[in-house]
Amino acid sequence: MDYIVALKDIVSNYDAFCSVAKNIEWISIKPHYDDWFYCALGMYLYTFEFPQEYIQNHPAQAYVRALFSRIAFDEEWDNDFWNIPQMERTFYLEEGSAFYKSYAIPKQLRFIKRDWNYLANEINNFAQINNIPFSKQKPYIEQFENAAVIEIGGAYHGDSEYLAIKDNHMLMVNCGCWD
């Protein structure tokens, strides 16, 4: 599947993102989060396990569902905060557009297809900078080997957001230099 084609609209257009976000069926997923940020160069890793075939059959919905799980983690909210009626979703997306847009739409949209080795090297480089042992990297490297990878973009030239998809698993990586 060409995930670039499937996701480009919702990652580059807030109205398209909102359309999916308002109507998304709230499915149960298994999230996991890691923070490798011990200096100005850091990395956040977010993994999500979806029901079988869900990502392949609903790539835009899967991406938005994972993004809301990421927001819940980052903001220390309940993981099911978006499991609310459509009318409330619409209100929050309109009234909180600056907040939700900051997560949904990168300031610098790159949308570059990458191979898994490229992202594995990024993971390894940021892990080494932050003294993360290979034993903590290994589960990501093994689970997502040969995954489809997209460099989505970033807030500015010093950071990157990546998406990797393999089978019923999704990995969001946010890495860069922040001070």
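**View 1. Arg70, Asp74 and Glu161 are joined in a network of salt bridges.** In this predicted model, local features require pLDDT of at least 70 and side-chain atom pairs count only at pLDDT 80 or more, whereas totals for chains, interfaces and linings use all residues. Residues are numbered from 1 along each chain as its sequence is written, and side-chain values use heavy atoms, with hydrogens and water left out. A salt bridge is taken here as a side-chain nitrogen of Lys or Arg within 4 Å of a carboxyl oxygen of Asp or Glu. On that criterion, a search of the whole structure returns 5 salt bridges.

**View 2. Glu151 forms salt bridges with Arg110 and with Arg114.** Between Glu151 and Arg110 the closest N and O atoms are 3.2 Å apart. Because Glu151 belongs to strand 4 (residues 148-154) and Arg110 to strand 3 (residues 108-114), this pair ties together parts that are 41 residues apart in sequence; helices (H or I, at least four residues) and strands (E, at least two) are DSSP runs, numbered from the N terminus. For Arg114 and Glu151, the N to O distance is 2.6 Å. This second pair likewise links distant parts of the chain, with Arg114 in strand 3 and Glu151 in strand 4, 37 residues apart. Glu151 is buried at a relative accessible area of 5%, while Arg110 is partly exposed at 22% and Arg114 is partly exposed at 23% (buried means under 20% relative accessible area, exposed over 50%, and partly exposed in between, with a 1.4 Å probe and protein chains only).

**View 3. Lys138 and Glu142 form a salt bridge within helix 8.** The closest N and O atoms of Lys138 and Glu142 are 3.6 Å apart. The two residues are separated by about one helical turn, because they stand 4 residues apart in helix 8 (residues 134-143). Lys138 is partly exposed, with a relative accessibility of 39%, and Glu142 is also partly exposed, with a relative accessible area of 49%.

**View 4. The largest cavity has a volume of about 50 Å³.** On a 1 Å grid over the protein atoms alone, a cavity is a set of points where a 1.4 Å probe fits but cannot get out, a pocket is an open set with protein on both sides within 12 Å along at least five of seven lines, and lining residues have an atom within 4 Å of a point. Grid points are joined across faces, edges and corners, and a volume is the space filled by probe spheres set on the points. The whole structure contains 1 cavity of 30 Å³ or more. The lining of the largest cavity consists of Tyr46, Tyr63, Arg70, Ile152, Glu161, Tyr162, Met172, Val173 and Asn174. At least two lining residues come from each of helix 4 (59-75), strand 5 (159-166) and strand 6 (169-177), and strand 6 gives the most, with 3 residues. By class, the lining of this cavity holds 6 nonpolar, 1 polar and 2 charged residues, where Ala, Val, Leu, Ile, Met, Phe, Trp, Tyr, Cys and Pro count as nonpolar, Asp, Glu, Lys and Arg as charged, and the others, Gly among them, as polar.

View 5. Helix 4, helix 6 (97-104) and strand 5 each supply at least two lining residues, with the largest share, 4 residues, coming from helix 6. The lining of the largest pocket divides into 8 nonpolar, 3 polar and 5 charged residues.

View 6. Rings of Phe, Tyr and Trp (its six-membered ring) pair if their centres lie within 6.5 Å, and planes under 30 degrees apart count as stacked, over 60 as edge-to-face and the rest as tilted. The search of the whole structure gives 21 aromatic pairs. Phe50 and Tyr54 form a stacked pair, at 5.8 Å centre to centre and 0 degrees between the planes, and both Phe50 and Tyr54 are buried. Trp77 and Phe99 form a tilted pair, at 5.5 Å centre to centre and 40 degrees between the planes.
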